[in-house]
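Reader: I have not seen this structure before. Please show it to me, and then I will ask about its parts.

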Amino acid sequence: MASRLDASFAALSDVTRRGVLEQLGRADASITDLANRFDMTLTGMKKHVGVLEQAGLVTTEKVGRVRTCKLGLRALEEEAAWISRHHRVWVARFDELDEVVEELKAKERADGRKKRR
Amino acid sequence: MDARRDGETTLMKNRTTVERTSEREVVVTRTVNGPARVVFEAFTKPELFTRWWLPKSMGMVLRSCEMDVRVGGTYRLVFEPDGMAFFGTYREVTPPSRLVWTNEEGGEGGPVTTVTLEEKGGQTLLVLQELHHSKESLDAAGTGAAEAMVETFAQLDELLLTL
């Protein structure tokens, strides 16, 4: 999760990429649209979108010959929700496991005392 | 977080981490205050295992649990009220440090769970890795009835919005 946040912040450190996010917040767009709007080459825009995609801030989908970009914040939120759902279950499990382990330890100690007698 | 103050014997709870280390893999870690042989026992004796693997908050009622803990041996947990089951096969059984089992209720090629226990100074670092065959399988990985309930409420919310 931490490395994901690093990637997010790195992605947001560039003015063009912040502009792309703003733009995609208004409407989905193709890489060509974005390149035109920001007066960049297709290759340059592809790189920016790639960085945003790596950080999970943008998702892209190729339909026919056009690659459409959309905001990927939802994907990040879903990932966080998935983790927190699983985390809750594991915390509940390990709380119980602690009790089982304490009982087994107590039993071992008691058995040990019996043997020494 | 919620350190209990009701006695000297209750300790601050150790931290649980859950991390998706790849699209198909989730890794859970937790330090347990006890030796590995005791933790291994809690994984391999049905009456102990079900107590903690299915905490009450999960809302699942167990009908039966059979565990034949040896390589190639099977396990089967059956639930009330409809006989839903979790089952699979033990692939590796190395007391007190390693346990690998398959999860076959979803058909062949289900996720594989690997538990490693590393003892250090009377404590045990428990690492549980679940490897799925696809991202979709892990995305959809269930955590029991507690989650099903949350999802049911979410669906109800959505339904109410359309009325």
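The questions below go from the elements of one chain to the contacts between chains.

Author: This is a predicted model, in which local features need pLDDT of at least 70 and side-chain atom pairs count only at pLDDT 80 or more, while totals for chains, interfaces and linings use all residues. Residues are numbered from 1 along each chain as its sequence is written, and chains are lettered from A and ligands numbered from 1 in the order in which they are written.

Reader: In what order do the elements of chain A run from the N terminus on?

Author: Helices (H or I, at least four residues) and strands (E, at least two) are DSSP runs, numbered from the N terminus. Chain A has five helices and three strands. Their order is α-α-β-α-α-β-β-α.

Reader: In what order do the three strands of chain A form the open sheet?

Author: Strands pair if DSSP finds at least two bridges between them. β1 (29-30) and β2 (58-63) of chain A each pair on one side only, as edge strands. β1(A) pairs with β3 (residues 66-71) of chain A over two bridges, and A:Ala29 has A:Cys69 as its bridge partner in β3(A). The pairing is antiparallel and the order is β1-β3-β2.

Reader: Which helix packs on the sheet, touching β1, β2 and β3 of chain A?

Author: Touching is judged by contact (C-beta atoms, placed from the backbone, within 7 Å). Directions are those of axes, lines fitted to C-alpha atoms, for helices over the stretch in contact, with angles from 0 to 180 degrees between N-to-C directions. The helix that touches β1, β2 and β3 of chain A makes about 90° with the direction of β3(A), and is α2 (residues 15-26) of chain A.

Reader: How are α1(B) and α2(B) placed relative to each other?

Author: The axes of α1 (residues 36-44) and α2 (residues 46-53) of chain B come within 5 Å and cross at roughly 90°. Angles under 35 degrees count as roughly parallel, over 145 as roughly antiparallel, 65 to 115 as roughly perpendicular and the rest as oblique. The two helices, α1(B) and α2(B), are therefore roughly perpendicular.

Reader: How many residues lie between the strands in the hairpin of β4(B) and β5(B)?

Author: Five bridges join β4 (residues 74-80) to β5 (residues 85-94) of chain B, and the strands run antiparallel. B:Val78 stands opposite B:Ala85. In this hairpin B:Gly83 takes a positive phi near 75°, and the number of residues between the strands is four.

Reader: How many residues of chain A are in contact with chain B?

Author: On the side of chain B that touches chain A, β1 (16-22), β2 (25-32), α1, α2 and α4 (145-162) of chain B each supply at least two residues. The contact joins 26 residues of chain B to residues of chain A, and the number in chain A is 19.

Key: Two residues are in contact if their C-beta atoms, placed from the backbone, lie within 7 Å.
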